[in-house]
Amino acid sequence: MSNLADVNQTDSLQGLTEHEAGLRRAAGQGNNVLLQSSRSYSHIFRENLFTFINAIFFAISLVMLLLQRVGDAILVVVVIFGGVLVNIYQEIWAKQQLDRIALLNRPRATVIREGREQDIDPTQIVLGDIVLVRPGDQIVVDGEVVGDGRMEVDESLLTGESDLIPKYLGVPVYSGSFCVSGTACYQVQKVGTETVAYKLTAGARAFRRILTPLQVEINVVIRVFMLISCFLWVLVAISFVSRDHSLDDLAQRAAVIAGLVPAGLLIAITLAYGLGAVRMIGQDVLIQQANAVESLSNVDTLCLDKTGTLTTNQITLQEIYPIATPETELRPLLADYAASTTAGNRTSEAIAHALSGQVRRPKAEVPFSSARKWSAIAFDDDDRRGIYVLGAPEVLATAMPLSPEVTAYIETKTEQGLRVVLFAYSPDLAMLKTDRDRVQLPYNLVPLGILCFGDQLRPEAYETLEGFARAGIEVKIISGDNPQTVAALAKQAGLTDTRLVSGSQLAEMNSAQFAQAAINHTIFGRISPEQKAALIKKLRDSGRYVAMIGDGVNDVLSLKQANLAIAMESGSKATRGVADIVLLKDSFGALPRAFLEGQRIRNGIQDVLKLFLVRTFCVTLLIFATAIVTNIFPLQNKQSAIVALIGVGFPTMCIPIWAKPGILPRRSMVRSMLHFVVPATLTLTMVSLLVYLFYLVVAVLNLPPVSGLAQVNHAFPRSALVTILVMGELLLIPFLKPPTTAWVGGEPLSGDWRYSIVALLLLLGYLLIIAIPPLRTFFELYPLGGVNYLFIGLVAIEWCFFLRAVWRSRFLDRFLGVDLS
């Protein structure tokens, strides 16, 4: 019995009847396990509510209630848990959107029941079902191959090895793998949670909360401030034991210190990413993994396959060039070949569309493989006896000589951007060397003819490549086609840099040369799936952040190597299964906008982080400074809250929405912000401390001579400190997004007045709070009088001039000896 694919292998496989399938499903033998496409509601609530910092704030609010400070307790609940509820609402909405779209894009399975093929949901599979697998299909349950079919399977999701595993009669198959080439049937032996790969498959298909590079750095920042807060809590506890402080003082200070942890930062990030994901859905870009938006903002190299991405993958047969046989005889041979193949691809479909042939029963068949780059059919009929091979000319040329005329013709057509394949023949069936694990190309082949195929460029290809260039993304085309063909199509699409290299040249290089070729070249032709994956890996090793677009099963290996995997909706099930992003409706033209959206989101989050860092560092330094100078805690809980809300909280609701795209420096995000954060923090801390000390001295001087420092009205200097902090933080907003050149210092000119208008409105809101006695009393603010507010405002303006001078002189950069801009 031949171990190659039999064209009528399914004829003898009847499968279960519908009645038998129903009985087995009723008996609990169905594949009734749903793999979640998003997190559960309980998971969302658990991750947002039960956090360490939330527990601290909850404990503080309980202490405030026990001390009958209801206003403080309510403020903690509203500020912290209000933001948490907004975040929960956003994530639930995003979950519902993802679930709805995932339902429309679920993988399907083909089973044979009552001798007929049926396309069903994988949950409808039962024990004993016969499942038919074709190239690109995912194996959804465990089983054993039956019938005469043969296929090559990628089990790398299970084993981590990229080698293709041949599967034939009696060999087991496992869920989580997928068919690369060939066609076969297998009988289901395990379903549901009993499958070997269930847990791994569930983990691969479920919503994964993977920390992005941005979130990793932000988590480091948050944990540093948590350590600082813990240290300060210990000091407060020691002072409570060693000095005469009330429990109320202890709770107030603990609450202010807890506010140093920028808990609202992750909320702002989640909201910004959720907004980006929603916008991308509107552009037919489906986000399948949590880190996809962040990955988009980091991408600097985009690798794509020509077929199906740059082109429409609608291949047409344009020309037949006969060699050893007249065209009148060659056409029927090609027609029968295309009509009789059981593992067809786009090439054979194009032949069948152009030439009508007779369906014959082949003795054996070798399905096309991207690694082999050829396919073959063996006929044993009287008028069609022999082996017919269709494949890449340079591969088949190793088994037969080609005349100079034929070679010149091939070169001419490839330079015109046509796909060129060679059709050859061997009369001896025994020359098709096969065994259970290998298939060898027959030698001493006779060339019959050359076929030229055309593939139409996508209408949006030129504009899309131009959009990548504007976004600062380098494009590399990696294809299994001839490099000259790929280069010609790339030029038609507007790609000017077409330095090319072939897979055969890469195969002769050592590791260092291979890595350099991956960086230096933009066109890669006749590349095997393994070489494609190796190219992606070398680019990543060189420090590139790589996105890979693919549609065929031969792209799966490289998609798994990329930082960001993007699949076409029309691509194979396996390709969509491993992708982070799926382009709905094959919307290749939406990608440049998606990349810009990712950059916009990251820029917005970086701006938010700058404000959070300045505020948190400033309050931390003030706590230490006032403890050293005056032995007095600078702020109360409500006063700290209003500084956080007006200075940082409300502005960060607008900044991510209005952020603009732009290329970011490829270095640590924290280091790239030092130029803005450090001068702003140090100068604002010094000015705030001086204002606080000035009004503390004024309060002391206004006391009767017999009074001590304990009798000082601390609300007076604290109110002055709150005012200078609020003004300073709001004045940082036009510095962050300069509307005119007068504000340019720490950041480049933005020209956007919306940020400054928001800052002005928030300043008016703060003045309104001061002017309304109930609000002023709630936040424990002392009325300073118009003259004092004017004085503090003039100090804040003078601080702006000084800070701008520090930025423009690049004093910090020169002092540290590094370029921080």
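Predicted model: local features only at pLDDT ≥ 70, side-chain atom pairs only at ≥ 80, totals over all residues.
1. A quick word on terms before the comments: helices here are DSSP runs of H or I with at least four residues, strands are E runs of at least two, and both are numbered from the N terminus.

2. On the overall build, the protein has 31 helices and 21 strands. It runs to 821 residues, of which 56% count as buried. If you take contacts between residues at least 6 apart in sequence, 73% of them join residues at least 24 apart. The exposed surface comes to about 34200 Å², and carbon and sulfur atoms supply 60% of that area.

3. Back to Arg 810, for its backbone. Its phi is positive, near 55 degrees, and the residue is not a glycine. For context, most residues other than glycine have a negative phi. As for cover, Arg 810 has 30% relative accessibility and so counts as partly exposed, since that class lies between the 20% and 50% cut-offs.

4. Where does Glu 114 sit? Its place is the loop between strand S1 (109-113) and strand S2 (116-120). Glu 114 is partly exposed, with a relative accessible area of 34%.

5. Now the inside. How many cavities of 30 Å³ or more does a search of the whole structure find? It turns up three. The largest cavity has a volume of about 70 Å³.

6. The lining of that largest cavity draws on several parts of the sequence: Asp 154, Leu 164 and Val 180, then Ser 369, Ser 370 and Ala 371, then Pro 529 and Glu 530, and finally Val 553, Asn 554 and Leu 557. By class, the lining of the largest cavity divides into six nonpolar, three polar and two charged residues. Asp and Glu count as charged, and Asp 154 and Glu 530 are both in the lining.

Technical notes:
Residues numbered from 1 in each chain as written. Heavy atoms only, no water. 1 Å grid on protein atoms, 1.4 Å probe; cavity = no way out; pocket = protein on both sides within 12 Å on 5 of 7 lines; lining within 4 Å. Points joined across faces, edges and corners; volume = space filled by probe spheres on them. Buried < 20%, exposed > 50% of the residue type's maximum accessible area, 1.4 Å probe, protein only. Contact = heavy atoms within 4.5 Å. Areas by Shrake-Rupley, 256 points an atom, 1.4 Å probe, with all protein chains shown as cover.
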